[in-house]
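Student: Could you take me through one part of this model closely, and then show me how the rest is packed?

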Amino acid sequence: MHVKQLLAQKLIPWQAARHLLAAFRYYSGRGGAIAAAFVTAGALFEGAGLLLLVPIIGVITHAEKHALFEEWFLAMGLNAPSIRLALLVSAFAAVLLLRSVILFARDIQLVRLQTGFVEAQRNQVMQMLAMAPWEEVAQLRHARVMNLMGAEMQRMGNSLHFFIQGCVGVAMLIVQIALAFLLAPALAASAFGILLLGGSVVVLGQVRVHGIGTQVVTAGQDLMNSANSFLGGLKTAAAQGAQAFFITEFAKAQRNVLAGQLRFAKRQASGRLIFGVAAGLVGGAIVFIGFTFFQAQSAVLIALVLIFARMSGPALQVQQAAQNFFFGVAGFDAIKELSNDLTCVKVGETKTEKPVRPDGAITFHQVTFRHASGGGVELVDLEIQPGAMVGISGPSGAGKTTLIDLLVGLITPQHGEIRIGGTLLNAASWQRRIAYVQQDGFLFHDSVRRNLLWHAPDTSTDEIMNMLEMLGARAIVERLPQGLDSIIGERGALLSGGERQRLGLARALISKPTLLVLDEATNAIDRAGEAAILDSLAKLSPRPTIVMVTHREEALTFCNQCIYLEAGHVRQQHI
Ligand SMILES: Nc1ncnc2c1ncn2[C@@H]1O[C@H](COP(=O)(O)OP(=O)(O)OP(=O)(O)O)[C@@H](O)[C@H]1O
């Protein structure tokens, strides 16, 4: 009834566990078979060591001889106890040595598999995120991804670690049980009867921890979200003296994580307590039942007590492993959930495409794209000639960014079509010729040089400096302590907004794009500076096609095609 109830209520996540183990088996392949061989060998050597204890105790206590070894000793003509003991102890030491070597190799192989699997999962998620359609990625909470890549991956790794430990424990138990039956079948059977009865109830009651695991996943995401918001809004909060809000939010999220972890730790500790008590009771029961009902030989009785005492280790290991495994499976659930939310595109599907050379015009024919919110663009007709400088303007929410996203292939038209030189836009090949600069740029915590060469690693220092000169950024870089090799902080935090935008533009131009897209990419630069940059862009020869979104009238004077959008429709177009 108890088991049925657990299955019906899905308190134990069998399916998630099966998925995790299937993924692990697929990953580990031959390495898994090697690990299994080590685990088995380790358990067998452990058993061999225990088995040797019986004659050793027999010789030491001058007790009854055990038939298993006695026949062998007689056949070899070995009768002196000291010789027998020397032989047995040497064999015991050799077995222990071999066992230690096997356990060493086993542990290394298991850690290799476990960490390798986590690494493979991380790479897979990264690839999934990088290749998924932009509309889907745009909806993801960053905190969810960060929490998944850090804490949940770690927990999934732990879950596997404990699964492996559980397998090791089971292998040890099987050998020890076999040994107990070999030595005294009837006595071992009665001891196991007691053990199985109590053990199954305890184990099933104790592994119901998946709910706690899921609670910790949610709490972890909240914690990460809180930390993200804190870092993002720190300057605003500091300027307004509102840091207390972030601190309270963070503390609340942290309390939830701790509460989940504490609940789990309590469950674990109670499991250990129950096992401690049970182990003592079983040991006592063996001695009592063995002596009273089975008149067991003392050497066998001592060996059995030793075996059972040793079994409590692996048995506890199995129980705790099951708990930790199901607790950590929630981490794998979170990864699966993310992959369900994203459309998977294989890397191979895109890499083979040749970059498109848009010798002809870019044409939009009756293009419509509506976001889930209802905003977007509708029935847009456009033609952009190669080398044109196009300005897109319109009020906030008019659909300018949506139009740009369609142009660069981040989203696909729900109606109508976009053609490049007469061929339907193929995002994978088209995007390799595009440089896209946003308002807030995309600078990472690294040197100026590495930020600029992100897309064109072979560019020479001279070329970089010329480009910076053209964009009025040479002096900015020369002022920095290590010039091009100066670190510019997280998202370029050590530079001004205008300086960041100039570097963003430099990076775009260094990649020599066919289409340069500027989404309010110069709005933080003073008007004179912006005019100088746009003038330089207009004079580029050969000039890429430039499409820029801007709110500034002056910027539009540099364009030879202006598109005015309103409520998702092209209202005016001047060529
Ligand atoms: N990912 C999205 N999901 C849902 N709605 C969106 C999404 N992106 C944009 N929208 C909505 O679509 C409309 C057009 O947005 P878009 O970003 O294209 O406007 P915009 O002209 O670039 O505005 P702004 O000048 O303020 O940047 C807006 O109403 C916006 O709320």
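This is a predicted model: local features need pLDDT of at least 70, side-chain atom pairs count only at pLDDT 80 or more; totals for chains, interfaces and linings use all residues.

Let's start with arginine 449, which sits in helix H14, residues 448-452. Arginine 449 has 16 other C-beta atoms within 10 Å, so it is partly exposed. Leaving out residues up to four places away in sequence, arginine 449 touches Leu484 and Asp485.

Now for the packing elsewhere. In the largest nonpolar core, which has 68 residues, those touching the most other members are Leu183, Val300, Ala303, Leu304, Ile307 and Val329. Elements giving two or more residues to this core include H4, helix H6 (142-183) and helix H10 (298-341). H10 gives the most, with 20 residues. Alanine 303 touches Leu53, Val54, Ile57 and Leu183, again not counting residues up to four places away in sequence. A second, separate core of 59 residues includes Phe364, Leu443, Leu505 and Val570.

Helix H4 (residues 81-131) is worth a check of its length: at 1.5 Å a residue, its 51 residues should span 75 Å, and its end C-alpha atoms are 73 Å apart, which agrees. Among the buried residues of H4 are Arg84, Leu88, Phe117 and Gln121. The unreviewed UniProt entry annotates residues 83-105 as one of its transmembrane regions, and that span is 100% helix, with its end C-alpha atoms 33 Å apart.

Technical notes:
Residues are numbered from 1 along each chain as its sequence is written. UniProt positions are given in the numbering used here, feature names are shortened, and annotations may be inferred rather than shown by experiment. Helices (H or I, at least four residues) and strands (E, at least two) are DSSP runs, numbered from the N terminus. A residue is buried if 20 or more other C-beta atoms lie within 10 Å of its own, exposed if 12 or fewer, and partly exposed in between; C-beta atoms are placed from the backbone. Two residues are in contact if their C-beta atoms, placed from the backbone, lie within 7 Å. The expected span of a helix is 1.5 Å times one less than its number of residues. A nonpolar core is a set of buried Ala, Val, Leu, Ile, Met, Phe, Trp, Tyr and Cys residues joined through C-beta atoms within 7 Å.
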